[in-house]
Amino acid sequence: MTTHFTEASSLASIDRQLGDDRDDISPAQYEIIRQVIYNTADFEYYDLLRFSPNSLSKGFAALKKRISIVVDVPEIQVSIVPKLRHTFLNPVFCCATTGKETDFHQTKASVGLENLASKNPNSIFAIGQDSTTLNTFIKLVDNKTIDPSLTIATAPSFTDLDAKNYFQHTSFPVIYVQGSKGGSIIAAAIINALIELAWRVRNY
């Protein structure tokens, strides 16, 4: 996989603006952060992205084992499948296209997650857009219905930050956005960066 000139120039510009003082993060974490910044043009993510201990190594291992990936919305699925087709070939399931119509307390994605959870308990879970699905995910973890290989939690939250704060104290590997910001584009950028990094390591 190669980096196009435009992307390389943009990443170099990001490096210059961030400077060299990056002692608080690993090179792999930095690569993921700058990919998020590249996809959003938002430098605040340098301080907002959080990585639990061993989250990257666990994510790399899950990709190499072709563990399934469960995402909440189609935008993430569409973004990551092309890179997976040329690398690890992990199956990707989308909650929003699996769930059925429901009442106003739930969304298609949250119902879809409940449907997919029992069949894919150890998946990489990426909840990038739907905050209701994020709350459903937390309930499934607490009920021990699922035991994620890695969680990517970037769903934006404007009224209830308890779900985001939950990830500060989890024992499972997680990458998440601290605060109200987020979105599916963030989750997709993180997964694609993980795939790229894991593929480099595999072929080193």
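## N120 and its surroundings

The side chain of N120 reaches the backbone oxygen of L116 at 3.0 Å. Bear in mind from the start that this is a predicted model. N120 sits in the loop that runs between α6 (108-117) and β4 (124-127). A second polar contact, at 3.4 Å, links the N120 side chain to that of S68.

Is N120 buried or exposed? Its relative accessible area is 11%, so N120 is buried. Once neighbours within four places in sequence are set aside, N120 is in contact with S68, V70, F93 and F125.

## The nonpolar cores

Let's move on to the cores. The largest nonpolar core has 44 residues, and L63, I190 and L194 are those with the most contacts inside it. Helix α9 gives the most to this core, contributing 11 residues. Apart from it lies another core of 21 residues, among them C95, F125, F137 and I138.

L63 deserves a look of its own. Leaving aside residues within four places in sequence, L63 is in contact with I69, L84, F88, N90, I124, L194, I195 and A198.

How many cavities of 30 Å³ or more does the structure hold? There is 1, and the volume of the largest cavity is about 40 Å³. Its lining is made up of L63, I69, I124, L150, I152, I191 and L194. Two elements, β5 (150-153) and α9 (184-202), each give two or more residues to that lining.

By class, the lining has 7 nonpolar residues, with no polar and no charged ones.

## E196 on helix α9

Helix α9 also carries E196. With a relative accessible area of 16%, under the 20% cut-off, E196 counts as buried. The side chain of E196 makes a polar contact of 3.3 Å with the side chain of K83.

## Two partly exposed residues

R50 belongs to strand β1 (residues 49-51). Its relative accessible area of 32% makes R50 partly exposed. The R50 side chain reaches the backbone oxygen of D47 at 2.4 Å. Beyond its neighbours within four places in sequence, R50 is in contact with V174, I175, Y176 and Q178. R50 and A153 are 103 residues apart along the chain, with 9.9 Å between their C-alpha atoms.

N39 is found in helix α2 (residues 27-40). At 36% relative accessibility, N39 is partly exposed. Not counting residues up to four places away in sequence, N39 touches I185 and A189. As for N39 and K139, they are 100 residues apart along the chain, and their C-alpha atoms are separated by 31 Å.

Key
Residues numbered from 1 in each chain as written. Predicted model: local features only at pLDDT ≥ 70, side-chain atom pairs only at ≥ 80, totals over all residues. Heavy atoms only, no water. 1 Å grid on protein atoms, 1.4 Å probe; cavity = no way out; pocket = protein on both sides within 12 Å on 5 of 7 lines; lining within 4 Å. Points joined across faces, edges and corners; volume = space filled by probe spheres on them. Helix = DSSP H or I, 4+ residues; strand = E, 2+ residues; numbered from the N terminus. Nonpolar A, V, L, I, M, F, W, Y, C, P; charged D, E, K, R; others polar. Buried < 20%, exposed > 50% of the residue type's maximum accessible area, 1.4 Å probe, protein only. Contact = heavy atoms within 4.5 Å. Polar contact = N/O pair within 3.5 Å; in protein donor to acceptor, adjacent residues only side chain to side chain. Core = buried A, V, L, I, M, F, W, Y, C linked by side-chain atoms within 4.5 Å.
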